[in-house]
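Dear colleague,

I am handing over the structure below, together with some notes to read beside it. Please look through the model first and then compare it with what follows.

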Amino acid sequence: MAEAHQAVAFQFTVTPEGIDLQLSHQALSEIYLSGVRSWKKRIIRLKNSVITGVYPASPSSWLFVVIAILATMYTRSDPSMGLIAKIQEHLPVSQSMSSQCQTVVSAVLFSTMLWLLLIFTMRLCLKQLLSYHRWMFESHGKMSNTTKVWVALVRIFSGRKPLLYSYQGSLPNLPLPTIKDTVKRYLESVRPLMDDTKYESTNKLAEEFLGSLGNRLQWYLKLKSLWAANYVSDWWEEYVYLRGRSPIMVNSNYYGMDFLFVTPTPIQAARAGNSIHAFFLYRRKLNKEEIKPSRIPGTVIPLCAAQCERIFNTTRTPGEETDVLQHWQDSDYIAVYHRGRYFRLWVYQAGRLLSPREIEFQIQRILDDPSPPSEGEAHLGALTAGDRIPWAKARTNFFSTGLNKRSLDCIEKSAFFVTLDDDEQGMMGDDPAASLDNYAKSLLHGKCYDRWFDKSFSMVFYKNGKCGINAEHSWADAPVLAHVWEYALATDSFQLGYNTEGHCKGEVDSSLPKPQKLNWEISPECEEQISMSLEVAQKLADDIDFHVFSFQEFGKGRVKKCRISPDAFIQLTLQLAYFREQGNFCLTYEASMTRLFREGRTETVRSCSNESSAFVRAFEGGEAPEVCRRLFRAASEKHQLLYRLAMTGSGIDRHLFCLYVVSKYLGVESPFLKEVLSEPWRLSTSQTAVQQVELFDLVNYPEYISCGGGFGPVADDGYGVSYSLVGENMINFHISCKHSCPQTDAHKFGCQIKKALHDILYLLSGAQPEPKKSEACRPEVKKDQ
């Protein structure tokens with residue numbers, strides 16, 4: 001237990017001559033430097049709190065106001081209109097304070113109050129300005145005079161050099177739509193999915209709901225919207241995510257892939273060294289709030305950054321009724337899994353972050369460690385992959401005291417989790433298309449016991465240098481983690497780099513303490529529960545069918561030349577592909593964000609509309625091309641309208657969901673709401689957008705392209721489809737479904753998507769895209785920098 005001895009600052013021995021005290025100067029130095037680092041972080045947080053608290057003003061503006069007031073008083077004017085004199089009257093009279101000094105103190109107090117009033121006014125003005133959303137509904141390239149003035153005012157009131165959280169206090173609250181509008185939009189959305197009889201029945205339920213229970217539920221929701229910054233987010237996090245009792249593996253988590261066509265180094269430990277270092281560089285910027293606030297691309301409109309607070313040092317802990325998200329202010333280490341063993345790897349030494357080369361050295365130590373797993377340790381992670389109630393009970397019974405609790409704490413309190421996988425993944429071998437499918441499955445669920453699915457995110461490093469990321473969903477949505485992932489990929493390849501041998505650059509301090517192997521005392525009863533959780537998780541994982549492909553016949557560049565929204569183009573493609581395969585339409589979920597509002601997360605865009613179904617039926621029915629083009633453009637415009645309504649707080653599903661939650665609190669039943677929330681999402685879709693385009697040079701380094709990420713199917717008889725539009729000429733698709741459903745097949749659906757893409761482009765442009773060699777067969781290259 002050398003690591004344990006190194007952690008002791010002093011030792012003493014009782015001898016006949018007295019007490020022999022031995023101090024460890026190295027340990028004391030570590031304690032001192034750790035304390036210094038901790039205090040530095042506290043000071044930075046305090047400074048940032050002050051700067052964010054007075055935004056859009058700055059702390060230095062207080063001095064300007066004070067000097068301006070004092071200078072005005074020097075000219076024998078009274079800018080306070082008597083208020084300074086009133087303040088002076090109520091100041092405690094002190095024998096040591098002259099009349100002139102009292103006047104100065106009163107003026108400073110008045111200046112401070114004036115300064116705070118100005119800050120409040122500016123923040124209120126900015127909040128009102130950010131509540132204006134008409135600009136989003138204007139035609140592309142046509143900006144009204146009102147919007148031009150609005151943009152100028154937003155720039156003026158936004159201040160200079162905002163920190164990450166500077167806009168939080170100025171973001172508007174999520175508006176509550178009227179219940180009549182929401183129900184009306186809902187009925188319109190389900191019309192293409194129902195025959196006349198079913199629609200009349202649903203319409204009758206809706207009318208009864210509006211005439212009786214609906215207004216009562218809406219009244220309670222109005223109270224919450226007035227009191228809370230966001231009337232949806234807390235209930236959404238709790239009831240959709242944390243109260244779910246089924247496995248979070250596959251059902252809730254998602255993944256992100258590495259570069260598609262290049263592996264920066266074939267050395268597993270080196271890739272881990274650079275990537276882990278890059279993640280901690282990002283965390284340092286996050287703690288200092290040096291990351292620029294996210295904005296809607298091409299605009300000055302900020303997005304809510306609240307989800308960024310829980311990226312690191314966060315774990316979802318199981319409970320019998322509901323799980324709990326736990327977040328710690330700091331963590332100096334990561335938890336690492338390799339061949340059935342868990343390690344704690346410290347990434348700070350003497351108060352400094354280890355270099356990439358030093359992290360590589362430590363990772364290699366873990367890879368070379370010959371020690372076997374403890375009894376029952378190898379499959380321990382399966383507890384996080386199975387049902388939540390058995391895991392909660394096992395955690396209470398077997399991990400609440402002693403050695404097991406200390407080891408579990410090490411994992412849960414780590415900055416994030418790392419898996420060193422012995423498999424090779426990526427686009428490789430004789431069948432690169434199939435290898436991408438296996439890569440996706442590995443990232444989503446692995447072997448069901450070699451990930452810690454409760455951590456906010458887990459990094460996976462494969463034997464051939466490929467890597468990926470797996471994320472728990474409750475703490476944040478995919479764009480937040482994608483922002484970190486883009487930074488890590490770009491920093492790894494373009495800033496840190498590798499030497500000619502493929503190792504990380506820099507030198508190694510050979511005196512670094514070895515990573516600490518965690519020990520466990522797993523009882524036979526606990527092993528039995530681990531085996532049962534693994535059985536549940538393995539059955540779920542084996543049922544998942546994945547197909548990942550990169551479509552490069554054309555991309556968003558060609559679509560935009562047709563004056564069509566690329567996202568609308570893809571969504572209508574999916575509608576056509578699904579109809580061709582299934583012969584009907586289905587309830588379709590497209591994730592949209594509501595981060596224009598404080599604490600905003602997501603809203604649903606119901607992509608299957610009357611207009612989209614009319615286009616598909618006409619196209620499949622052999623209507624004239626002119627008719628189909630007109631219907632397609634009408635469907636595209638409708639989709640854009642639905643997306644904008646969802647982004648601006650006028651969606652359908654979150655409002656109905658909250659009404660349902662209120663009804664449960666009140667103990668009343670609503671047949672209408674029950675029907676709404678029981679409808680399955682057989683086509684669940686999401687776009688993964690590249691947020692930091694400036695980090696990647698796709699012109700000079702076109703091979704440095706991530707394949708995006710994906711997720712499991714939402715419905716047992718449905719599809720999960722994630723897509724990303726990369727550059728101007730690539731669209732990546734991740735399709736998932738279940739083998740157990742005979743009506744679904746990820747590969748067949750992928751073929752339908754490819755055909756629909758070609759058919760719709762031909763309809764719009766009248767010309768087939770130039771044939772290209774399938775990029776799925778492009779050989780992958782490994783590059784050492």
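Leaving aside its neighbours within four places in sequence, which residues is isoleucine 334 in contact with? Before the reply, please keep in mind that this is a predicted model. With those neighbours set aside, isoleucine 334 touches Ile276, Phe280, Phe343, Arg344, Leu345, Val347, Ser414, Ala415, Phe416 and Val418.

Isoleucine 334 also belongs to the largest nonpolar core, which has 58 residues, and it is listed there among those with the most contacts inside the core, together with Ile276, Phe279, Ile311, Phe416, Phe457 and Met459. At least two residues of this core come from each of several elements, among them helix H11 (268-287), strand S7 (333-338), strand S8 (341-346), helix H12 (356-368), strand S11 (417-420) and strand S12 (457-461). A second, separate core of 50 residues includes Tyr342, Phe399, Cys448 and Ile530. As a general background to both, nonpolar side chains in soluble globular proteins tend to be buried together.

Helix H11 deserves a paragraph of its own. It has 20 residues and reaches 29 Å from its first C-alpha to its last, close to the 28 Å expected at 1.5 Å a residue. Of the 20 residues of H11, 17 are buried, so the helix is largely enclosed by the rest of the structure. Glutamate 289, which follows H11, has a positive phi, near 60°.

Turning to the sheets, one of them is an open sheet of eight strands with mixed pairing, in the order S14-S8-S7-S11-S12-S13-S3-S19. Its edge strands are strand S14 (516-517) and strand S19 (709-711), each of which pairs on one side only. Within this sheet, S11 and S12 pair in the parallel sense over four bridges, and phenylalanine 417 has serine 458 in S12 as its bridge partner. Helix H12 packs on the sheet, where it touches S7, S8 and S11, and its direction makes about 160° with that of S8.

Another open sheet is formed by six strands in the order S15-S21-S20-S18-S16-S17, again with mixed pairing. Strand S15 (544-551) and S17 are the edge strands here, each pairing on one side only. On average, and with direction ignored, neighbouring strands of this sheet are turned by 20° against each other.

Strand S16 (residues 588-593) has five of its six residues buried, so it is largely enclosed by the rest of the structure. Three bridges join S16 to strand S18 (residues 683-687), with the two strands running parallel, and the partner of threonine 588 in S18 is leucine 683. Five bridges join S16 to strand S17 (residues 602-606), and this pair runs antiparallel; here glutamate 590 stands opposite valine 605.

Elsewhere in the six-strand sheet, strand S20 (residues 719-726) and strand S21 (residues 730-738) run antiparallel and are joined by seven bridges, with asparagine 732 in S21 as the bridge partner of serine 724. Helix H19 (residues 566-582) lies across S16, S18, S20 and S21, running at about 145° to S20. Helix H24 (residues 746-765) also packs on the sheet, touching S15, S18, S20 and S21, and its direction makes about 30° with that of S15.

With best regards

How values were computed
Residues numbered from 1 in each chain as written. Predicted model: local features only at pLDDT ≥ 70, side-chain atom pairs only at ≥ 80, totals over all residues. Heavy atoms only, no water. Buried < 20%, exposed > 50% of the residue type's maximum accessible area, 1.4 Å probe, protein only. Pairing = 2+ DSSP bridges. Core = buried A, V, L, I, M, F, W, Y, C linked by side-chain atoms within 4.5 Å. Contact = heavy atoms within 4.5 Å. Axes fitted to C-alpha atoms, helices over the stretch in contact; angles between N-to-C directions. Expected span 1.5 Å × (residues − 1).
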